[in-house]
Amino acid sequence: MPFSPNEQGIKAPHFVFYVRDILVEKYGEKYVEQGGLKVKTTLDLELQDEAQKIVTEEIAKLSDLKVGNGASVVMDAKNGQILSMVGSKNYFAQDYDGQVNVTMSLRQPGSALKPFTYATGFKAGYTPATVIMDVPTEFPGGAGQPPYKPVNYDGKYRGPQQVRFDLGNSLNVPAVKMTALVGVKNMLRTAYDAGVKSLEPTDDNLRRFGLAVTLGGGEVKLLDLTSGYATLANGGRYSEPVAILEVKDRSGKILDEVKDKKPKEVIDDEVAFLVSHILSDNNARS
């Protein structure tokens, strides 16, 4: 007689196994499996169910574009608590790797890194009113490499544009120019400090990514990216992602308890405000 896999019936399975991995790393496999631990997590199950529904529905709408999977993370920007983690459109699906947690998988983020590029620019003294020329531009490609010629998503160029509209319209050429002005290492440092820990500003990464990193040329985890955006939303204050609030053993003794930690200021609040203001400005996208 075939047995049903253990995972059947588990609610929020990607989150559950994410938490389990954290516990195993801290307490060991045997104790987690047999120790009778009672774990209190940050998950909002109602929000989780709604997020899972939205991911599944949105992926279905994109079937004609050959999009087969998706993921989502919801985080409390004030304290880094993970409220929802949807790792795929269906954990139990047999026709693709539904059990792979895409929120923890390295993927190219496209233009989602541009806010950190412009945050670095604002730290260096540029402003939303700074004008950058959106025109065809070649950048040196490095030793033995061809020149780098970024193009905008629609193939058009708009001439002189203020940074507010460069970011609001997600224009590629100005973003690459801003990266060249502030330096790839500084841009990566801003993103890393904000929470995008999968893009460490090492010499190897600098050589591997180059200016294209601002357009998504480097791979990141969705959880890290969400953490980075939470930092911007929280006035430049970073909180490490939190999934576990309390762990008790079988006798009720508290083994671990999350205390309210003061977020670390990694970006000036003025800089974070400017980036957030542009991203929320409908006029900047017009």
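Start with helix H1, which gives the lining of the second largest pocket 6 residues, the most of any element. Helices (H or I, at least four residues) and strands (E, at least two) are DSSP runs, numbered from the N terminus. This is a predicted model, in which local features need pLDDT of at least 70 and side-chain atom pairs count only at pLDDT 80 or more, while totals for chains, interfaces and linings use all residues. Residues are numbered from 1 along each chain as its sequence is written, and side-chain values use heavy atoms, with hydrogens and water left out.

**Stop 1: the second largest pocket**

This pocket holds about 300 Å³ of space. Select Val16, Phe17, Arg20, Leu23 and Val32: of the 15 lining residues, these are the closest to its centre. H1, helix H2 (29-34) and strand E1 (38-41) each give two or more residues to this lining. By class, the lining has 10 nonpolar, 2 polar and 3 charged residues. Here Ala, Val, Leu, Ile, Met, Phe, Trp, Tyr, Cys and Pro count as nonpolar, Asp, Glu, Lys and Arg as charged, and the others, Gly among them, as polar.

A pocket is an open set of points on a 1 Å grid over the protein atoms alone, where a 1.4 Å probe fits, with protein on both sides within 12 Å along at least five of seven lines; lining residues have an atom within 4 Å of a point. Grid points are joined across faces, edges and corners, and a volume is the space filled by probe spheres set on the points.

**Stop 2: along H1**

Now select Pro13, His14, Phe15, Tyr18, Val19 and Leu23, which are buried in H1 (under 20% relative accessible area, 1.4 Å probe, protein chains only). The buried residues of H1 pack against H2, E1, strand E3 (82-86), H9 and E9. Step off the end of H1 to Gly28, whose phi is positive, near 95°.

**Stop 3: the largest pocket**

Go to Glu240, Pro241, Val242, Ala243 and Lys261. Of the 29 residues lining the largest pocket, they lie nearest its centre. Helix H1 (13-27), helix H9 (222-233) and strand E9 (244-248) each give two or more residues to the lining. H1 gives the most, with 5 residues. The volume is about 870 Å³. The lining divides into 13 nonpolar, 4 polar and 12 charged residues.

**Stop 4: Ser72**

Finish at Ser72, in strand E2 (residues 72-75). Ser72 counts as buried because its relative accessibility is 18%. Leaving aside neighbours within four places in sequence, Ser72 is in contact with Ala51, Val55, Ser84, Met85, Val86, Thr103 and Leu222 (heavy atoms within 4.5 Å).

Key: Buried means under 20% relative accessible area, exposed over 50%, partly exposed in between (1.4 Å probe, protein chains only).
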